[in-house]
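Thanks for coming, everyone. Please look at the screen while I talk.

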Amino acid sequence: MASLKDPAQMASSSSGLTFKLHPLVIVNISDHHTRVKSQSQPPSADSSSSTSTSPSSRVFGCVIGVQRGRTVEIFNSFELLYDPSTHSLDRSFLEKKQELYKKVFPNFYILGWYSTGADAEESDMLIHKAVSICVTLGYKILCDMMHLFV
């Protein structure tokens with residue numbers, strides 16, 4: 001079994017940050033993508049069509065973990081509810097998931113978001129803004145709560 005200190009699971013960026021990715025994240029994202037894709041495409045005898053990614057099988061989620069100094073550790077992820085017709089996220093679902101994770105893992109924070117499928121699209125900026133707002137609000141609430149105890 002590989003540890004998180006295994007160089008294959010660590011990556012450095014040009015900014016000097018070091019990223020550690022827990023294998024659970026890869027499994028979660030793969031499972032999420034596979035489930036959505038299989039639910040959106042009926043089984044077919046033509047196996048060549050199963051390798052293409054339809055726009056409806058694109059999925060979105062958040063990655064959570066911790067940042068200690070210049071090291072970012074990504075421990076887990078969760079799905080986001082995305083409406084492809086309006087290019088919007090269910091923000092109440094995101095806020096609820098964030099709240100639930102904070103109860104179980106108080107030291108974990110949303111570090112970013114992921115998508116599978118096609119290349120980045122202009123509508124992805126709406127998702128980025130929605131996640132950023134929720135993360136910022138969560139951080140502000142945490143800071144306000146910490147201020148009460150100081």
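This is a predicted model: local features need pLDDT of at least 70, side-chain atom pairs count only at pLDDT 80 or more; totals for chains, interfaces and linings use all residues.

Start with the layout. The protein chain has three helices and seven strands. Read from the N terminus, their order is β-β-α-β-β-β-β-α-β-α. Now the contacts. Take those between residues at least 6 apart in sequence: 58% of them join residues at least 24 apart. The chain has 150 residues, and 28% of them count as buried. Its accessible surface is about 9800 Å², and carbon and sulfur atoms make up 62% of that.

Next, the inside. In soluble globular proteins, nonpolar side chains tend to be buried together. Which residues have the most contacts inside the largest nonpolar core? They are Cys62, Phe78, Leu80, Leu94, Ile110 and Val131, in a core of 16 residues. Four elements each supply at least two residues of this core: strand 3 (60-68), strand 4 (71-79), helix 2 (91-104) and helix 3.

Beyond its neighbours within four places in sequence, Ile110 is in contact with Cys62, Val63, Ile64, Phe78, Leu94, Gln98, Val131 and Val135.

Now strand 2, residues 18-21. In a regular strand the side chains alternate between the two faces of the sheet. Here Thr18 and Lys20 are on the covered face. Phe19 and Leu21 are on the uncovered one. Strand 2 pairs with strand 4 in the parallel sense, over four bridges. Within that pairing, Leu21 stands opposite Ile74 of strand 4.

On to Tyr82, in strand 5 (residues 82-83). Phe60 is 22 residues away in sequence, yet the two C-alpha atoms are 6.9 Å apart in space. Tyr82 is also in contact with Phe60.

Last stop: Thr116. This residue sits in the loop between strand 7 (109-115) and helix 3 (124-149). Why does Thr116 count as buried? Its relative accessibility is 13%, and buried means under 20%, so Thr116 qualifies. What does Thr116 touch, not counting residues up to four places away in sequence? Ile29, His33, Ser57, Arg58 and Val59.

That is my tour. Thank you.

Notes: Residues are numbered from 1 along each chain as its sequence is written. Side-chain values use heavy atoms; hydrogens and water are left out. Buried means under 20% relative accessible area, exposed over 50%, partly exposed in between (1.4 Å probe, protein chains only). Contact means heavy atoms within 4.5 Å. A nonpolar core is a set of buried Ala, Val, Leu, Ile, Met, Phe, Trp, Tyr and Cys residues joined through side-chain atoms within 4.5 Å. Two strands pair if DSSP finds at least two bridges between them. Accessible areas come from the Shrake-Rupley method with a 1.4 Å probe; for residues, only the protein chains shown count as cover.
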